[in-house]
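Subject: the two-chain model

Hi,

Here is the structure I promised to pass on.

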Amino acid sequence: MQKLIKDGQIIDDSTVVLDSDFEGTLPSGALLVPLSFFKDNKASFENRSNVGVWIDSHEEPEELIEDLEKLPVIAINFPKFGDGRGYSYARLLRDRFNYKGELRAIGDVLQDQLFYMQRCGFNAFAVRADRDINCALTALTTFSSSYQAACDNPDPLFRRRS
Amino acid sequence: MYKYDDHDRKIVLERVKQFRGQTERYFSGDLSEEEFLILRLQNGLYVQRLAPMFRVAVPYGMLSSAQVRNLAELSRKYDKGYVHFTTRHNVQFNWPEVKDVPDMLESLAHFEMHATQTSGNCIRNTSTDQFAGVVSEEVTDPRPYCEIIRQWSTFHPEFAYLPRKFKIAVNACPNEDRAAIRVHDIGLQIVKNESGEIGFQVYVGGGLGRTPLIGSLIKEFLPEKDLLTYLEAIVRVYNRYGRRDNKFKARIKILVKALTPEVYAEKVEEEWNHFKDGSSKLTTDEINRIKDFFVPPAYEELDSSSAEFEALLASNEAFANWVKRNTTQHKVTGYSAVTLTLKKAGVPTGNVSDAQLEAIADLADEYSFGEVRVAHDQNVALVDIKKSDLFAIWQKAMELGFATPNLNMLTDMICCPGGDYCALANAKSIPVAEQIQNRFDDLDYLYDLGEIELNISGCMNACGHHHVGDIGVLGVDKKGAEFYQISLGGSSVKSASIGKIIGPSFAQDQVADVVQKILNVYTENRTEGELFINTFRRIGMAPFKERVYAKAN
């Protein structure tokens with residue numbers, strides 16, 4: 001079974017991520033559906049507690065504002081690890097829109113990006129399947145302190161220096 | 001200068017450990033070339049035409065003598081015994097081995113230096129005036145603000161993968177842009193409002209490269225405490241909306257131009273309003289804590305001059321020339337700021353040997369409170385010299401080859417490493433600089449010419465700032481041959497402007513001749529004391545063009 005890092009633990013994950021051009025009947029089980037499908041088919045999710053939405057790097061997290069309380073998972077796709085838009089989306093979802101559910105990084109998700117992703121509010125990481133997820137887990141503790149305020153620490157270092 | 005505390009030390013050492021692990025994973029094949037590329041760039045490591053190049057940050061240009069000695073030591077141990085000073089407060093090693101870089105970083109960390117974000121698509125080293133803190137005109141010392149920005153931008157989790165590189169510069173002088181802020185992604189002009197409070201005028205979207213643009217003012221007065229939140233808003237808007245489909249259109253200047261500065265400013269304002277009074281708003285305590293690291297050293301009370309000094313000036317013309325050219329007025333009576341000019345024929349611009357570095361450190365310890373500044377014109381400055389020590393410094397600088405009295409003269413060129421070193425370059429820069437230095441070696445002629453800026457870049461990335469030189473030289477590739485395009489009338493100092501291209505490009509061996517013709521037109525047309533830029537603005541391109549392209553009789 002595929003693995004996921006969630007809240008600092010490696011767990012089994014059976015979530016199916018539907019392609020951006022998905023059409024038809026929803027499979028059962030845990031799902032991540034693309035934003036456009038979600039917007040067009042909101043009614044069909046009313047009774048499903050295991051369906052989340054994924055947004056791509058060119059889509060806007062603002063599109064989900066009205067649905068945040070109902071969504072157990074929001075995933076942000078990194079088409080390439082060098083595309084940094086997802087970091088800002090995560091911060092907006094957490095800091096501005098106060099999203100409390102699971103925020104998952106999917107796509108080109110690699111060990112060396114996890115620490116910053118975690119700081120920006122991600123708490124789940126679908127590490128690329130060809131990489132060692134146990135190694136990746138160690139990246140979450142790379143730094144013991146950081147200068148800026150972010151989702152992991154509401155105060156910047158200058159308010160914490162003794 | 002800023003001193004690390006336990007927090008800073010720990011963060012920097014953890015970074016070294018992280019990069020050591022990444023380098024090991026690269027060599028064991030666990031990290032691909034492409035994945036390692038971004039990680040090594042963010043640690044200052046390029047792979048160049050002939051060898052790796054490793055770029056160390058010199059935050060706002062300040063180095064202690066101990067740091068200078070460490071650079072010398074590293075250049076001996078891991079390189080060929082010299083370093084290269086860049087135009088943006090960086091020091092480069094040109095021949096290190098990739099495997100040695102973690103050890104170099106660790107050594108640097110022990111001397112409170114790093115190579116963090118000196119490359120890559122992230123927020124780079126913040127630059128300012130090399131004479132910050134000793135210039136009497138400045139509104140306030142810009143260095144504490146640069147340090148505050150350094151800490152905020154260091155390992156910023158949201159902005160490590162921007163569309164493109166991002167550079168911030170701070171200027172504190174009201175009448176002169178001493179940090180070229182209008183050609184930076186963000187330019188901050190320190191100002192005082194009517195109530196005497198410190199704040200910033202904020203410019204965005206300036207830059208050189210293949211689309212040179214002058215930055216636009218988007219905020220008339222940003223109170224100092226709002227500095228970090230406002231920067232965060234600017235960069236967030238850029239991170240979300242900057243183009244990622246074409247690296248040549250990815251800088252913030254393209255986005256600002258596409259949206260218009262007014263719309264960009266609105267977007268920033270809207271973003272900023274959400275968190276401007278949040279925890280990242282600076283506190284008086286923090287600003288004062290950082291300012292305390294930059295208190296003036298223990299200056300002596302001195303007379304403005306002495307009979308002995310005046311007698312030396314009167315009797316020794318060479319010394320008087322050097323004092324006139326290579327020293328800058330200091331805000332404290334009896335002191336002077338000295339520029340050690342590193343540029344002379346036969347030495348690639350900005351290159352300094354290990355022994356020279358150590359000699360600079362010795363001079364700093366003996367005469368200038370153990371502190372050295374790296375200037376954007378690729379020279380080195382000792383900024384707290386007693387006037388009574390100038391003669392001794394001059395004599396030592398001459399022995400070391402640092403006393404060519406050509407500061408801001410034609411031969412004090414800005415020049416990138418060019419095709420001799422850089423994989424990006426279309427053409428070599430260093431031989432062109434040498435050709436010009438050899439042609440114009442008559443100091444009387446240079447002094448008569450007056451201050452003039454000649455800048456050379458080996459490609460349109462414009463590391464040699466050719467767009468903002470009075471005379472700009474750009475290396476171009478013409479069917480596989482190296483040619484040079486010449487532009488006139490650029491300036492980053494007063495009412496910034498981008499130089500205009502004079503016409504078709506020239507072969508390498510023609511460059512000095514062309515420069516000579518341009519200078520002839522200038523000297524024939526200038527009024528008493530008129531600077532090149534003003535003559536050019538007055539008479540226009542036509543007379544220059546006519547002379548340069550005139551058919552030989």
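A:Ile76 sits opposite A:Ala105 in strand 7 of chain A, and A:Asn77 faces A:Ile106 in that strand. Before going on, the ground rules: this is a predicted model, where local features need pLDDT of at least 70, side-chain atom pairs count only at pLDDT 80 or more, and totals for chains, interfaces and linings use all residues. Residues are numbered from 1 along each chain as its sequence is written, while chains are lettered from A and ligands numbered from 1 in the order in which they are written.

Back to chain A. Strand 6 (residues 73-78) and strand 7 of chain A run parallel, paired over six bridges. Strands pair here if DSSP finds at least two bridges between them, and the elements themselves are DSSP runs numbered from the N terminus: helices are H or I with at least four residues, strands are E with at least two. Strand 7 (residues 102-107) of chain A is mostly covered, with five of its six residues buried. Buried means that 20 or more other C-beta atoms lie within 10 Å of the residue's own, exposed means 12 or fewer, and partly exposed is in between, with C-beta atoms placed from the backbone.

The sheet around these strands is open and has eight strands in the order 2-1-8-7-6-5-4-3 (chain A), with mixed pairing. Strand 2 (9-12) and strand 3 (16-17) of chain A are at its edges with a single partner strand each, so one side of each has no neighbour in the sheet. Helix 2 of chain A lies across strand 5 (51-55), strand 6 and strand 7 of chain A, at about 160° to strand 6 of chain A. For angles, axes are lines fitted to C-alpha atoms (for helices over the stretch in contact), and values run from 0 to 180 degrees between N-to-C directions.

Chain A puts 29 residues into the contact and chain B 28, where a contact needs C-beta atoms, placed from the backbone, within 7 Å. On the chain A side, helix 2 (85-96) and helix 3 (114-119) of chain A are the elements that give two or more residues, and helix 2 of chain A has the largest share, five residues. By class, that side has twelve nonpolar, eight polar and nine charged residues. The classes are nonpolar for Ala, Val, Leu, Ile, Met, Phe, Trp, Tyr, Cys and Pro, charged for Asp, Glu, Lys and Arg, and polar for the others, Gly among them.

Now chain B. Its domains are domain 1 (6-110), domain 2 (134-291), domain 3 (307-400) and domain 4 (414-548); the bounds come from an automatic or database domain assignment. The centres of domain 2 and domain 3 of chain B are 33 Å apart, taken over C-alpha atoms. Their contact takes four residues from domain 2 of chain B and six residues from domain 3 of chain B.

Chain B has an open sheet too: five strands in the order 6-7-8-9-10, with mixed pairing. Strand 6 (127-128) and strand 10 (216-223) of chain B are the edge strands. Strand 8 (residues 186-192) and strand 9 (residues 198-204) of chain B are antiparallel over seven bridges, and B:Gly187 has B:Tyr203 as its bridge partner in strand 9 of chain B. Helix 6 of chain B packs on this sheet, touching strand 8, strand 9 and strand 10 of chain B, and its direction makes about 10° with that of strand 9 of chain B. Helix 8 (residues 261-275) of chain B lies across strand 9 and strand 10 of chain B, at about 35° to strand 10 of chain B.

Which residues have the most contacts inside the largest nonpolar core? They are A:Phe125, B:Ile234 and B:Ile360, in a core of 197 residues. Such a core is a set of buried Ala, Val, Leu, Ile, Met, Phe, Trp, Tyr and Cys residues joined through C-beta atoms within 7 Å. Helix 6 (residues 227-241) of chain B gives the most to this core, nine residues.

B:Leu407 counts as buried because it has 23 C-beta neighbours inside 10 Å.

Cheers

Technical notes:
Contact = placed C-beta atoms within 7 Å.
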